[in-house]
Amino acid sequence: MDATASSKFSDVDEYGFKRGEHFDYKNYGKFMDGYLKTLTRRRMKWEAILQQNTDLSQMDPKLKRYIRKGIPGPYRPDVWMKISGAAAAQRRSPDLYRSLLNAEPYNKEISDSISIDLPRTFPDNIHFDSKKERLYNILIAYAHHNRDVGYCQGLNYIAGLLLIVTDDEEKSFWLLKHIVENIVPQYHSHNMANLLRDLAVFRELVIRRIPAVNRHVENLGLPYPVIASKWFICIFAEVLPVETVLRIWDCVFAEGHKIVFRAALAMFITHKNAILGCDDIAALANLFRDTMIQDSIVTDCHGFVQAMFSLRLKRSELESLRKVAVLNPA
């Protein structure tokens with residue numbers, strides 16, 4: 001590690017996550033030199049747009065462009081609530097969250113499952129111990145609200161990151177509800193039907209865009225569900241660097257499920273040469289599990305989001321592939 005580069009940055013990021021022992025401080029320093037200036041400019045522009053438009057429920061081209069370039073951290077909780085429709089849903093049922101918390105006794109099996117997962121949720125975050133009771137509240141309330149889903153591993157990471165960003169139980173609950181029911185419905189149900197369908201769709205998108213990469217992955221024998229299930233279930237939480245995840249989520253709340261496919265495709269396309277360079281299944285698994293989720297490509301959140309939107313991907317193509325996947329399940 002470059003001692004000069006590492007001395008410029010704390011070993012803990014702004015959200016409380018410890019940086020790994022292999023964190024590339026040198027490349028991160030180069031990226032941040034420019035990105036900090038970008039953040040300052042973006043914040044000034046967001047201040048102006050929020051003064052002009054406090055509603056944000058209508059997605060016009062200017063607002064979409066601003067969101068794709070990143071929502072400043074202090075504005076994320078309220079902007080996410082408004083652009084997703086979660087704020088409007090909360091207004092329609094203002095007492096829902098508190099009534100769910102007060103509706104004891106809780107299902108013991110679900111309660112126990114959540115309690116077991118709490119210590120496993122972001123153990124590398126120095127602030128998270130103090131949030132675990134609030135995370136339990138969000139997850140148990142949602143489990144009793146949506147009994148078809150109940151509790152599924154992966155929801156702890158989504159709800160946990162929402163809580164870190166919003167520092168608000170109720171907003172986290174409503175945003176979690178929106179993700180599970182509107183962005184990725186039936187990813188977290190007991191049969192995970194739509195998750196399996198969308199992994200098949202993702203494979204087909206890779207075949208269409210980078211066939212050589214698909215052939216190499218399949219020749220080495222690493223199944224797509226092993227590679228990408230966590231990407232889709234957690235919407236990249238506990239997968240990619242947190243600022244990159246939040247930039248992806250900015251777009252997810254504005255534009256929906258298509259963004260998850262854009263991010264997954266960008267992971268393959270930006271790492272095409274690294275994937276093709278793996279000689280065996282062990283090397284490929286290590287690349288997906290460790291190397292490519294913390295390298296300079298994904299740490300540069302701005303560049304990664306630009307790569308996502310340089311891809312050709314229409315909603316009509318996704319819906320067509322989804323229909324085929326349902327008719328021809330693996």
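Colleague: What do the buried residues of H12 pack against?
Modeller: They pack against H11, H13, H15, helix H16 (272-276) and helix H17 (281-289). Contact here means heavy atoms within 4.5 Å. Helices are DSSP runs (H or I, at least four residues), strands are E runs of at least two, and both are numbered from the N terminus.

Colleague: Before we go on, what sort of model is this?
Modeller: It's a predicted model, where local features need pLDDT of at least 70 and side-chain atom pairs count only at pLDDT 80 or more, while totals for chains, interfaces and linings use all residues. Residues are numbered from 1 along each chain as its sequence is written, and side-chain values use heavy atoms, with hydrogens and water left out.

Colleague: OK, back to H12. Which residues are buried there?
Modeller: H12 covers residues 211-220, and its buried residues are Val213, Asn214, His216, Val217 and Leu220. They span an arc of only 165° around the axis, which puts them on the same side of H12. That arc is taken from the directions from the helix axis to the C-beta atoms. "Buried" means under 20% relative accessible area, "exposed" means over 50%, and "partly exposed" is in between (1.4 Å probe, protein chains only).

Colleague: Why would residues a few places apart point the same way?
Modeller: An α-helix has 3.6 residues a turn, so residues three or four places apart point the same way.

Colleague: Which of its residues are buried?
Modeller: Glu317, Leu318, Leu321, Arg322 and Ala325. Looking down the axis of H20, they fall within an arc of 135°, so they line one face of the helix. Ser316, Lys323, Val326 and Leu327 are exposed on the other side. H11 and helix H15 (258-270) are among what covers the buried residues of H20.

Colleague: New topic: aromatics. How many aromatic pairs are there?
Modeller: The count is 23. Rings of Phe, Tyr and Trp (its six-membered ring) pair if their centres lie within 6.5 Å; planes under 30 degrees apart are stacked, over 60 edge-to-face, and the rest tilted. One of the pairs is Trp80 with Phe253, which is tilted, at 4.9 Å centre to centre and 45° between the planes. This pair links distant parts of the chain, with Trp80 in helix H4 (residues 76-84) and Phe253 in helix H14 (residues 242-255), 173 residues apart.

Colleague: Is Trp80 buried or exposed?
Modeller: Trp80 is buried, at 0% relative accessible area. Phe253 is buried too, at 3%. Then there's Phe202 and Phe232: their ring centres are 5.8 Å apart and their planes at 55°, so that pair is tilted. It links distant parts of the chain as well: Phe202 is in helix H11 (residues 193-209) and Phe232 in helix H13 (residues 224-233), 30 residues apart. Both of these Phe residues are buried.

Colleague: What cluster do they belong to?
Modeller: One aromatic cluster made up of Tyr187, Phe202, Tyr224, Trp231, Phe232, Phe236, Phe261, Phe268 and Phe288.

Colleague: Which ring does the charged end of Lys230 sit over?
Modeller: The ring of Tyr157, at 5.3 Å from its centre. A charge sits over a ring if NZ of Lys or CZ of Arg is within 6 Å of the ring centre and within 35 degrees of the ring normal. Arg43 lies over the face of Tyr75, at 5.8 Å from the ring centre.

Colleague: What about the backbone? Where is Ile235?
Modeller: Ile235 is in the loop between H13 and H14. Its phi is positive, about 50°, although it is not a glycine. Most residues other than glycine have a negative phi. Ile235 is buried, at 1% relative accessibility. Glu238 is in the loop between H13 and H14 as well; its phi is also positive, near 65°, and it is partly exposed at 32%.
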